[in-house]
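Visitor: I would like to learn how to read pockets and helix packing. Could we work through one model together?

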Amino acid sequence: MKPSEEKYIDKQPWLDKHEKPFLEIRGVTKKFGDFTAVDNVNLEIYKGELFCLLGGSGCGKSTLLRILAGFETPTEGNFLIDGVDMTELPPYERPVNMMFQSYAIFPHMSVEKNIAYGLKRDGLSKAEVKIRVEEGLELVQLSQFAKRKPHQLSGGQQQRVALARALVKYPKVLLLDEPLAALDKKLREKTQFELMDIQYKLGITFIVVTHDQEEAMTLSSRIAVMDQGKIRQIGTPTDIYEYPQSRFTANFIGSINIFEGVVKESRSESHVVQCEETRCDLIIDRDSSIHTGESIGVAIRPEKIHLSREEPDNKDFNTLKGKVLDFGYIGNLSVYNVKLDSGKTVKVSSPNQNRYSKHRVTWDDIVYLTWEPANTVVLL
Ligand code: ATP
């Protein structure tokens, strides 16, 4: 488990047409009877990526991971690792290892025996097993707990035992099914960084299944958003959040306000969108794929909207007027629901930069919502 020499994550190999994908999933479909759990998935993952499959319950992400591990056979399609077709190979002949949600560590074995288990089963020499177990313990910082049993460890430490056990087999690809689901929120956040650090040091390709969007955003080089067995969008966390390509992705990742409208006028730098729900025109940046007369969704994230009681005078920004229906204080920020004259409710979030402010916006206040056209997402 030598540290990798190249940090692929910095290179964004998916943007380089000369780079070859390390893992290629080609037209993979999995049917259970009449039901299609994975629907014609095509995916290219590059060496050293920490790639997340993200989606709601039942979207097919675990089935896809199980196909890669060899625990399910695809109904159609195939997949390759490093140019070699893996589809027909049994799980133990694939250069992949899977870490399960339950960790599946043996309760009666010590930490070091748990880590050694798979290596012994593969027939490695005693000396080689010893070296790899020591390496693994050091990597996950559990050397001082080598003799402990799993019940003498915290949830996070158990998770690290499972990770070490999977890594000491030197897989080319590590598959992780909801690896942090059993941890509480604080520990999960801490462990996310440990996981990233280990992956970064080793440069092994990680494919992580999660339903937790914050986790996917924190961990990933890229994310594939899945829904009903299909991939809806593939991109970096920034791509997915700032440039969602569909209403599904826009709504699934974070919160977003969507105003339905019709493009009324196209100018040199912008388009004007007529919108019933705002009872005023909205301005969006010029985009060559948008045409006058077209129906579009004008979408804006709550944190991109500025909220104030004073009427702003910047005519280049979009401005809406409304009344505060309710608000929630979440500590670092407050979330407001503002009702427009049309009845449409707009969600706005504002950071709480000061502990106390007598000017803080509250229930029934009349407020102005403004945002820069450049921050708008257009949904077709
Ligand atoms: P979760 O986050 O809830 O685990 P998931 O996205 O991982 O969801 P999968 O486990 O991949 O979902 O399941 C996708 C769909 O396929 C689900 O509707 C599930 O009921 C169905 N499914 C999975 N395995 C089988 C099976 N062996 N037989 C029949 N249907 C199955």
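Visitor: Which element gives the largest share of the lining of the largest pocket?

Guide: Strand β6 does, with 4 residues. The model is predicted, so local features need pLDDT of at least 70 and side-chain atom pairs pLDDT 80 or more, while totals for chains, interfaces and linings use all residues. Residues are numbered from 1 along each chain as its sequence is written, and side-chain values use heavy atoms, without hydrogens and water. Helices (H or I, at least four residues) and strands (E, at least two) are DSSP runs numbered from the N terminus.

Visitor: How much space lies in the largest pocket?

Guide: Rolling a probe the size of a water molecule over the atoms shows where empty space is left. On a 1 Å grid over the protein atoms alone, a pocket is an open set of points where a 1.4 Å probe fits, with protein on both sides within 12 Å along at least five of seven lines; lining residues have an atom within 4 Å of a point. Here the largest pocket holds about 640 Å³, a volume being the space filled by probe spheres set on the points. Its lining numbers 26 residues, with V96, N97, M98, R121 and K169 nearest the centre. Two or more lining residues come from each of β6 (96-99), α3 (111-121) and α5 (155-167). By class, 17 lining residues are nonpolar, 2 polar and 7 charged (Ala, Val, Leu, Ile, Met, Phe, Trp, Tyr, Cys and Pro are nonpolar; Asp, Glu, Lys and Arg charged; the others, Gly among them, polar).

Visitor: At what angle do α5 and α6 pack?

Guide: Two packed helices are described by the angle between their axes and the distance between the axes. For α5 and α6 (residues 185-202), the angle is about 20 degrees and the axes are 11 Å apart (axes are lines fitted to C-alpha atoms over the stretch in contact, and angles run from 0 to 180 degrees between N-to-C directions). That makes α5 roughly parallel to α6 (under 35 degrees; over 145 is roughly antiparallel, 65 to 115 roughly perpendicular, the rest oblique). In α5, G155, G156, Q159, R160, L163 and L167 meet L187, T191, E194, L195, I198 and L202 of α6 (contact means heavy atoms within 4.5 Å). That contact has 6 nonpolar, 4 polar and 2 charged residues.

Visitor: How do α3 and α5 cross?

Guide: Their axes come within 8 Å and cross at roughly 30 degrees, and are therefore roughly parallel to each other. V111, N114 and I115 of α3 touch V161, A164 and R165 of α5.

Visitor: And which residues join α3 to α4?

Guide: The axes of α3 and α4 (residues 126-139) come within 9 Å, at roughly 130 degrees. That makes α3 oblique to α4. From α3, V111, E112, I115, A116, L119 and K120 meet V129, R132, V133 and L137 of α4. This contact has 7 nonpolar, no polar and 3 charged residues.
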